[in-house]
Amino acid sequence: MSRRILIVDDESHIRHVLSLKLRNSGFIVDTAVDGEDALHQIAAMAPDLVITDLQMPYVSGVELCRVLAEEPAHADIPVIILTARGYALGEEAVGLTNVRQVVNKPFSPRTILEQVHRVLGTMFESQEQAA
Amino acid sequence: MQTLIRSILGGLALGTLALGVGLAMLLAADGMGLGGTLWWAVAGTCLAVTVIGVVSSLAMGRAIRSLSRELEHGGASRLVSGPRWLRSALRALNEHQLRHQQREVAWRTREQDLEIRARVSGDARMQAEAVLEVMDDAVIVCNTLLEVISTNRAAGSLLGFDPETAEGRPIAEIVKDPMLRRIITETLESGVDVEPRRGELMLADGATVEGNACEVVSACAVDRQGRASAVVTVLHDLSREREISQMKSEFVSKASHELRTPLSSMRAYVEMLVDGEARDEATRQEFYGIIQSETDRLARLVDNMLNISRIEAGIIEVDRDVVDIHDLVDRAVQTLEPHAREKDISLHTEIAPVGTMVFGDSDMLQQVIVNLLSNGIKYTPEGGRVTVQVDADTLTRSVHVAVSDTGLGIAPQDAEHVFEKFFRVENYKRVAKGTGLGLNLCRHIIETVHQGQIGLESTLGMGSRFWFSVPMGQVPARMAA
C-alpha cells in the first residue's frame with residue numbers, strides 16, 4: 001500500500017524536486033506552500049508523513065509541528081524538518097513535537113528518501129519493490 | 001643709607017666718649033689737687049687721649065662711611081676692602097657676604113624651579129583633563145577617602161550624574177550601581193601590590209541605560225612613598241559592540257539562509273540528473289533551466305551582498321558622469337518589456353521633456369530603476385499596469401523618479417522595513433522570489449552614493465509607489481565643455 005507524504009515548502013523548486021524523487025519511489029505526494037496551507041491539507045488527507053521547511057510565512061515549520069502535536073488525530077504523524085538555518089534546532093523547539101529528523105539545506109534528495117524510508121519503516125518494502 | 005647713619009652715629013659716639021673720658025680725667029686730676037708739672041703731665045695725657053679718640057673716631061667714621069658706600073654701590077655680589085686695621089672684621093664680613101650670596105643664588109634657583117614646576121603641573125593637569133574629556137570611556141578617579149577627585153563627561157552620561165559637580169563628593173553619592181561601588185572599594189582595600197581588577201559588569205541602578213554591559217578596569221594610583229593615593233576606574237561601554245556583533249551575526253544567519261535556498265535547488269536537481277530521475281528529455285531540459293535560473297539567483301545574491309558591503313565600507317568605485325535619467329528609464333523598460341508582456345502588464349512612462357540630467361553613476365542608477373520596475377512587474381497581478389514617471393524639480397535641483405503599480409500594496413507595518421536587509425513582505429513570498437537585498441541596495445545607491453532620497457507610498461490592496469530623487473549635481477567644467 002502506497003504511503004502518502006505531504007511536502008511543505010514556500011520554494012516551488014524544492015516542492016517540485018522532492019515530489020518527483022518520492023513519486024519515482026512509489027509514494028503518493030501532496031504539496032503545500034506554507035504552514036497554513038499544510039494544516040488544511042492534513043485535515044483533508046491525513047498523510048503518513050510530513051516533510052516541512054522550517055522558515056515559512058504565516059505558520060512556520062515548528063508552529064505547524066506544535067499544532068499537529070496538540071491535535072490527537074494528527075499527533076502521531078511523523079515529521080521531517082528541512083532547514084536552511086545551518087544549525088541544529090533547540091530541544092525546546094522540537095521536544096514537544098513529533099519531529100523525527102532535521103535535515104540541513106542544501107540537502108540531497110537521496111538522503112531525504114533514506115530518511116523517509118527509515119521514519120516510515122518502509123525500507124524493506126522499497127527493496128522488495130526494487131526487486 | 002641706614003648703614004651710613006649708623007656708622008656716623010657710631011663714629012660720633014666714639015669721639016664723644018673719648019672726649020668725655022679726657023675731660024673726666026682732667027676734672028679728676030684737678031679735684032685731687034695735683035699741681036705744677038704733674039698737673040700738666042696729666043692734662044697733656046688727657047688732651048692726647050682726647051685728640052687720639054677724636055681722630056680715631058673720625059678715621060673710623062670715614063672708614064665705615066666708605067665701607068657703607070662700597071656695600072651700597074657694590075651690591076651683595078661684591079666683596080669689600082678697607083684699611084688694614086679693619087682686615088679681620090672685613091674678612092668675617094666678606095665670608096658672611098659670600099655665604100649670603102650663595103644662599104641667595106640657591107633661593108632664586110629654587111624659586112625658578114618652583115615656578116616651572118607650577119606651570120608644568122598646571123599644564124599637565126589641563127592636558128589630563130582634556131584627555132579625560134575626549135575619551136569615550138567613562139573614568140572615575142577617587143581618593144583614599146573614596147571621594148571623587150576627577151571624572152569625565154562619558155562617566156556622567158553612562159552612570160547618570162553631572163560631572164561638573166561631582167568633584168569632592170563621596171563615590172556612594174555618584175555611583176548608584178552597587179557592584180561598581182564594590183569594585184572600587186575592593187580595589188582600594190587590595191592596595192597597590194595587586195594587578196588591576198578587570199571584569200565585565202551589567203550596569204543596573206542609576207545608569208542611563210540599565211543593563212548596559214561594561215568592561216571595567218580598576219587600579220590604585222601610587223604616590224612617591226609607594227602607597228595608594230587614588231583609585232582609577234575606567235568603564236568601557238560594550239553595548240554598541242554587542243549591538244554590532246549581534247547585527248553581524250543576524251546578517252550572517254540571514255545571508256546563510258538566503259544563500260542555501262538557491263544552492264539547495266541546484267544541488268537537488270543536479271543529483272536528480274546524476275541519478276537518472278529525470279526520465280525524459282523534457283524533464284531534463286526543465287531541470288537544466290531551473291539549475292541555470294537558480295545559479296543566476298545565487299550570483300545576483302552574492303553580487304548584491306558584495307555591493308552593499310562595499311558601499312557600507314566606502315570602498316565601492318563610483319564612476320560619475322553626466323547621465324540622462326530619461327535614457328536609463330527607456331533602457332530599463334526595453335529590458336523588462338518581455339516580462340511585463342508575459343503577465344499581460346502594460347508599462348507606461350511619463351517623462352519630463354527637459355532637466356532629467358544628473359551627475360552620477362550610470363550603471364548604479366540603472367540598477368535602481370531596473371530593480372524598482374522589476375519589483376512592480378513581479379508583484380502586480382496579471383492585467384495590471386506599471387508606470388514610470390520622471391520629473392525635474394528646478395527648485396531643489398533634483399530629478400524625481402517614481403514607479404507606480406496596481407499590485408498587492410504593502411501594509412504600513414511592512415512598509416517601514418522594506419528597505420532593510422533580507423526583509424521580505426510575507427504575503428509577497430507566495431507571489432515571487434527575491435533576494436531580500438534589492439531594495440536595500442537601491443537605498444544604498446541612492447542615499448549613500450548619490451546623496452539622494454528613496455521612499456515608498458502604499459496602501460494594502462491598492463498598489464505601491466516607490467520613488468527616489470537624486471540631486472542634479474554640479475557637472476565638472478571639463479565635462480560640460
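Trainee: How many helices and strands does chain A have?
Mentor: Chain A has six helices and five strands. Keep in mind that this is a predicted model.

Trainee: What pattern does chain A follow along the sequence?
Mentor: Reading along, you get β-α-β-α-β-α-β-α-β-α-α.

Trainee: How much of chain A is buried?
Mentor: 40% of its 131 residues count as buried.

Trainee: Let's pick one strand. How many residues of β3(A) are buried?
Mentor: Five of its five residues. Strand β3 of chain A covers residues 49–53 and is mostly covered.

Trainee: Which way do its residues point?
Mentor: A:Leu49, A:Ile51 and A:Asp53 point one way from β3(A). A:Val50 and A:Thr52 point the other way. All of these are buried.

Trainee: Parallel or antiparallel: how does β1 of chain A pair with β3(A)?
Mentor: Parallel, over four bridges. Strand β1 of chain A is residues 4–8. As an example, A:Leu6 has A:Val50 of β3(A) as its bridge partner.

Trainee: And how many bridges join β3(A) to β4 of chain A?
Mentor: Four, and these two strands run parallel. Strand β4 of chain A is residues 79–83. There, A:Ile81 in β4(A) is the bridge partner of A:Thr52.

Trainee: What actually holds paired strands together?
Mentor: Strands of a sheet pair through backbone hydrogen bonds, either parallel or antiparallel.

Trainee: Helices now. At what angle do α2 and α3 of chain A pack?
Mentor: About 30°, with their axes 9 Å apart. Helix α2 of chain A is residues 35–45, and helix α3 of chain A is residues 61–70. The two helices are therefore roughly parallel to each other. The cut-off for that word is an angle under 35 degrees. The crossing of α2(A) past α3(A) is right-handed.

Trainee: Which residues make that contact?
Mentor: From α2(A), they are A:Gly35, A:Ala38, A:Leu39 and A:Ile42. From α3(A), they are A:Gly61, A:Glu63, A:Leu64, A:Val67 and A:Leu68. By type, that contact has six nonpolar residues, two polar and one charged.

Trainee: On to chain B. How many helices and strands there?
Mentor: 14 helices and 12 strands. Chain B has 481 residues, and 26% of them count as buried.

Trainee: How many residues of chain B are in contact with chain A?
Mentor: 21 residues of chain B, and they meet 21 residues of chain A.

Trainee: Which element of chain B gives the most to that side?
Mentor: α7(B), with 13 residues. The elements giving two or more residues are α7 (239–274), α8 (281–313) and α12 (426–429) of chain B. Sorted by type, the chain B side has five nonpolar residues, seven polar and nine charged.

Trainee: What about sheets? In what order do the five strands of chain B's open sheet come?
Mentor: β7-β9-β10-β12-β11, with mixed pairing. β7 (346–351) and β11 (453–458) of chain B each have a single partner strand, so one side of each is left without a neighbour in the sheet. On average, neighbouring strands are turned by 15° against each other, direction ignored.

Trainee: How many bridges pair β10 with β12 in chain B?
Mentor: Seven, in the antiparallel sense. β10 is residues 398–405 and β12 is residues 464–471 of chain B. Within that pair, B:Ser398 stands opposite B:Pro471 in β12(B).

Trainee: Which strands does α9 of chain B lie across?
Mentor: β7, β9 and β10 of chain B. Helix α9 (residues 325–342) runs at about 175° to β7(B). Helix α13 (residues 438–449) of chain B packs on the sheet too, touching β11 and β12. Its direction makes about 130° with that of β11(B).

Trainee: One last residue. Buried or exposed: which is B:Val234?
Mentor: Buried, because 21 other C-beta atoms lie within 10 Å. The cut-off for buried is 20 or more. B:Val234 is in strand β5 (residues 228–237) of chain B.

Trainee: What is B:Val234 in contact with, leaving aside neighbours within four places in sequence?
Mentor: B:Asp137, B:Val139 and B:Val217.

Methods. Residues are numbered from 1 along each chain as its sequence is written. Chains are lettered from A and ligands numbered from 1 in the order in which they are written. This is a predicted model: local features need pLDDT of at least 70, side-chain atom pairs count only at pLDDT 80 or more; totals for chains, interfaces and linings use all residues. Axes are lines fitted to C-alpha atoms, for helices over the stretch in contact, and angles run from 0 to 180 degrees between N-to-C directions. Angles under 35 degrees count as roughly parallel, over 145 as roughly antiparallel, 65 to 115 as roughly perpendicular and the rest as oblique. A crossing is left-handed if the near helix is turned anticlockwise from the far one by less than a right angle, and right-handed if clockwise. Two residues are in contact if their C-beta atoms, placed from the backbone, lie within 7 Å. Ala, Val, Leu, Ile, Met, Phe, Trp, Tyr, Cys and Pro count as nonpolar, Asp, Glu, Lys and Arg as charged, and the others, Gly among them, as polar. Two strands pair if DSSP finds at least two bridges between them. A residue is buried if 20 or more other C-beta atoms lie within 10 Å of its own, exposed if 12 or fewer, and partly exposed in between; C-beta atoms are placed from the backbone.
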